[in-house]
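Here is a short briefing on one protein chain. Look at the model first, then work through the points below.

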Amino acid sequence: MNNIRIAVLHFVHETVTFLSNPTTVDDFIYEGSPAQGEALLRIDPKSYMGGFVKVAREYGGVELVGIESPLQPKTGIGSGWITNEAYELFVGKMIAGLQEQGPFDGVFLALHGAAAVTGIARPEAELARRVREVVGKNAFIAATFDPHGNEDEAFLESADLAFTVKYYPHYDAYLQGSRAARTLVRAIRGDFTPTHAARKVPVISPTVLQWTGGTAWMSLINRALIWEAREPDVFVNVFFGFPWSDVPDAGMFVQVTTNGNAALAQKVVADMSATIWRQKDSLLSSAKILGIPEAVSRARQAVDAGQFPVVIADHSDRSGYATWILAESLRQRVSRTLFATIADDTVLDRLQDGRVAVGDAFEMAVGGRVDASAGSPVVVRGTISYVPDLKPKDDGRLPFVTVSFGDNNAVVISRYLTQVMEPVELNAFGIDRDAYRTFVIKSRVHFRRGFDDSGFAKEILVTEPDEAFLGTVKLDGLDYRHLDLGKFYPYGDVEM
Ligand SMILES: [Zn+2]
């Protein structure tokens, strides 16, 4: 068998275009990023890349070439529009790398799908289009996506294969990477003829509703899994969409790939899109969102009744700086409550200048400020209880501190929005989690993997401020410029 050469590229961001801070060139450059060669192939061993590399290398005669690619920006998901300059710089490097190191029989694109770039309406599809120009029509292009990707027909016009994670929390990223590898190798060897059908479903939903542990979304995903189980070589992708990217291809989208069977692809797409449309009201009412005063008082009642640990999840904070729950908790004089985290780089810079140490008194206004959605800074008076050692990825900047205050409470002040997904992650903040009864975190659904699916929390309260700030479930309160909400259920009078 002839050797197969596969280029591997990475371009991942979930862009909240309503955030005022753009995602810049600088945000993609840090220790380890951009990455190429083996270093690129070794990122995320438990995710898309790990699954792809493991399975591709199980075949003899497959050579993987890691092409210089940016990793996720250091702002994580806490930054807005990717600048056109950043996109052109890094995509330019990827294309140059493909030209220099080619020819290739195949390309693997590790993507997310919700990147939003100034001046480029469909950045992942545009990347696939440019890659196709270099590798030619005979090469196969495969990609992996997050279910929050905003995609439409355009991507598979240039690419051959797409594999989207089904679960939210995203448990199956490694699995989708491994399927991408196997199917790509089969396609290159002439054993799989990618044949697609795809359909936009005009339903848009805030991500906090999309938990696949709840009945509505679990049933939908189960239907996709059943199609894959009963028909060999059928791959069903359900994009839930990401409504905080103001882009024309947001909303739900179904893609089906078969091995040369166009009629089957059409049949499965028709079934999946009709299923979504029939179930749309259940999909859109899958979580109860409380106001913040109610969430804090219900947490106190649950603790008093012995129903703890309690999790209060602020699903709407997109900057990480929001102080709404902290402020309300101080008003309600809570105890044994951990706030993880509140972002505030100014506080961290000031502490670092003063060479902060454990046991120092702390009195500063924390969080708020960056925009209206973050609320007002809240003065915390307490004691520094944990200071981390700096790691190379911290770029010499203190990443967080932990402050104890009030009646056995603590707050972690971090540099960026931090999504705590598992209780064990709190160890890194120097937290003894048995000391707390209420955990206030910033997450929509991912926290359920460690706090809910595991049975850890006795009570889970999902909350947002009354105002329609940028992460709100009230999407019609947002100032969309590129996406027309009127074309989506439940906002417009739409038909399927
Ligand atoms: Zn996601």
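Which residues line the second largest cavity? They are Ser316, Asp317, Arg318, Trp324, Ser373, Pro465, Phe469, Leu470 and Gly471. Keep in mind that this is a predicted model.

**Cavities**

- The structure holds 2 cavities of 30 Å³ or more.
- The second largest cavity has a volume of about 40 Å³. Its lining has 4 nonpolar, 3 polar and 2 charged residues.
- The largest cavity has a volume of about 70 Å³.
- Asp314, Ala322, Thr323, Trp324, Ile325 and Leu326 are among the residues that line the largest cavity. Its lining also includes Phe339, Ala340, Thr341, Ile342, Val440 and Lys442.
- Helix H11 (324-331) and strand S13 (337-343) each supply at least two residues of the largest cavity's lining. The largest share comes from S13, with 4 residues.
- By class, the lining of the largest cavity has 8 nonpolar, 2 polar and 2 charged residues.

- The lining of the second largest pocket divides into 5 nonpolar, 5 polar and 7 charged residues.

**Two packed helices**

- Two packed helices are described by the angle between their axes and the distance between the axes.
- Helix H2 spans residues 48-56, and helix H6 spans residues 173-188. H2 and H6 pack at an angle of about 40 degrees, with their axes 6 Å apart.
- Is the crossing of H2 and H6 left-handed or right-handed? The crossing is right-handed.
- On the H2 side, the contact is made by Tyr48, Gly50, Gly51, Phe52, Lys54, Val55 and Ala56. They meet Ala173, Tyr174, Gly177, Ser178, Ala180, Ala181, Arg182 and Leu184 in H6.
- By class, this contact of H2 with H6 has 9 nonpolar, 4 polar and 2 charged residues.

**An annotated domain**

- An unreviewed UniProt entry carries the annotation "domain: Microcystin LR degradation protein MlrC N-terminal" for residues 5-299.
- Over residues 5-299, the chain is 38% helix and 19% strand. The end C-alpha atoms of residues 5-299 are 56 Å apart.

Technical notes: Residues numbered from 1 in each chain as written. Predicted model: local features only at pLDDT ≥ 70, side-chain atom pairs only at ≥ 80, totals over all residues. Heavy atoms only, no water. UniProt positions renumbered as here; feature names shortened; annotations may be inferred. Axes fitted to C-alpha atoms, helices over the stretch in contact; angles between N-to-C directions. Left-handed = near helix turned anticlockwise from the far one by under 90°. Contact = heavy atoms within 4.5 Å. Nonpolar A, V, L, I, M, F, W, Y, C, P; charged D, E, K, R; others polar. 1 Å grid on protein atoms, 1.4 Å probe; cavity = no way out; pocket = protein on both sides within 12 Å on 5 of 7 lines; lining within 4 Å. Points joined across faces, edges and corners; volume = space filled by probe spheres on them.
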